[in-house]
Amino acid sequence: MSTSQETLSFDESVVAGYENYLNPGLASVMKFVGLDSVEMEAYGCTVVDSRGNKFLDCLGGYGTMSVGYSHPHVVAAVQDQVAKQAFSCRILFNEHTAKLAQKLAEITPGDLQFSFFCNSGTEAAEGAIKIARKATGRTKLISTNGSFHGKSMGGLSVSGREKYKTPFGPLVPDCLQIPYNDIESLSFIDEQTAAFIVEPVQGENGIIEATDEFLQAARARCDETGALLIFDEIQTGLGRTGKMWGAERAGVTPDLLLLAKALSGACIPIGAIVGTPKTWEIFAENPLIHSSTFGGNPLACRAALAAIEVIENENLVEKSAVQGEKLLNALLAAKNEFPDLVKEVRGRGLMLGVEFAHDDIAGLVIAGMAARGVLAAYTLNNATVIRFEPPLVISDAEIELAGTAFRDALQQAQELLEDIDMDEE
Ligand code: PLP
């Protein structure tokens, strides 16, 4: 199909590109919430559009931009590496891949030691499922209702929202979801179970935290039955929740830990599975039992190493806790002003969620905030919740801007709802 774009403005022609060649439905949803401009560049917490508008990004690519967009340290590392060698020839050793694996062994808890690198979160979930099945010789996979582990067949099969699963059945067999935070249901993990996979905070389900007791009981039940415990830290990892790891507070370590998003340094996609020596025995039998052409490429590994350096050198884990508290307080102050609209404000660090009385309010607030220069969005599995996951480098002034935009968008939503009520009377 071809469309004449001669009479369209730059923005219109890009939107038409989405409508004609990418995803018309997505284009209309974005336009509906008032997002019809084109991003041109981004730095720190700011995205600049083609009209010169600056947006404070409180979504941050669903929690990906932890070090901020275009961080100079990450950009310099990537520029240096891209000029030397972006991809591996795959049959020689690579310094940066080895260094990143060693660094992850140092910063992850317990005896997590070995890494497998891939290119996205769902690939990390996919690989972990395979490792768990092969390492245990079992097939059953337990996960939790409302969970999100990605949209490839394996990731989807252990995810907990039917809307995204049923159109694609039959999915990977022997997968079962149990209620999140329900310790009794952990008894479904048995001697036939290969793994229990769980997010320390369910991001896409509306920012719901696992209790420490649930994670501890999951560890104990996996130890009892010989099932592997997999923590999906793709969204929570590397400081997002105010701790380096989302499950840190519970004091339990998994057999496999999944990473992606922030590991990219907001620059080059990368995912990782970090596992214990025991789980890695499957590679001793056959080193190529699981592999990826682009996985562990030097460019992505340099970006990831630079990102971890930024997280350490700029104390971003601590900053996430401190700035998260300030943002939480700003959101809570607005909630107190509009108690009929906002049901709850929750979360830890800079992984915060606001639950509204119904999803129309969420839509109005997202649009209202966008009009005031602040980007936020729904969580995938719960449209009554919008999430705030800005870069961890967010400043006090930016937090104030986010809080004010949220408050003013709530006021506008309230006035609009009152007008609709009056019209109906
Ligand atoms: N797991 C969790 C907890 C996630 O939040 C996501 C993405 O939002 C994924 C897995 C899938 O990651 P990706 O979109 O990179 O495939």
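Here are some friendly notes on the salt bridges in this structure.

1. A word on the model: it is predicted, so local features need pLDDT of at least 70 and side-chain atom pairs count only at pLDDT 80 or more, while totals for chains, interfaces and linings use all residues. Residues are numbered from 1 along each chain as its sequence is written, and side-chain values use heavy atoms, leaving out hydrogens and water.

2. Side chains of opposite charge can pair when their charged atoms come close. A search of the whole structure finds 25 salt bridges (each a side-chain nitrogen of Lys or Arg within 4 Å of a carboxyl oxygen of Asp or Glu).

3. Take Asp80 and Arg302, whose side chains form a salt bridge at 3.0 Å, N to O. Asp80 sits in helix H4 (residues 72–84) and Arg302 in helix H11 (residues 298–313), so the pair ties together parts 222 residues apart in sequence. Helices (H or I, at least four residues) and strands (E, at least two) are DSSP runs, numbered from the N terminus.

4. Buried means under 20% relative accessible area, exposed over 50%, and partly exposed in between (1.4 Å probe, protein chains only).

5. Lys140 also has a salt-bridge partner, Asp190, with the closest N and O atoms 2.7 Å apart. Lys140 belongs to strand E5 (residues 140–144), and Asp190 to the loop between strand E6 (175–178) and strand E7 (193–198), 50 residues apart. Both Lys140 and Asp190 are buried.
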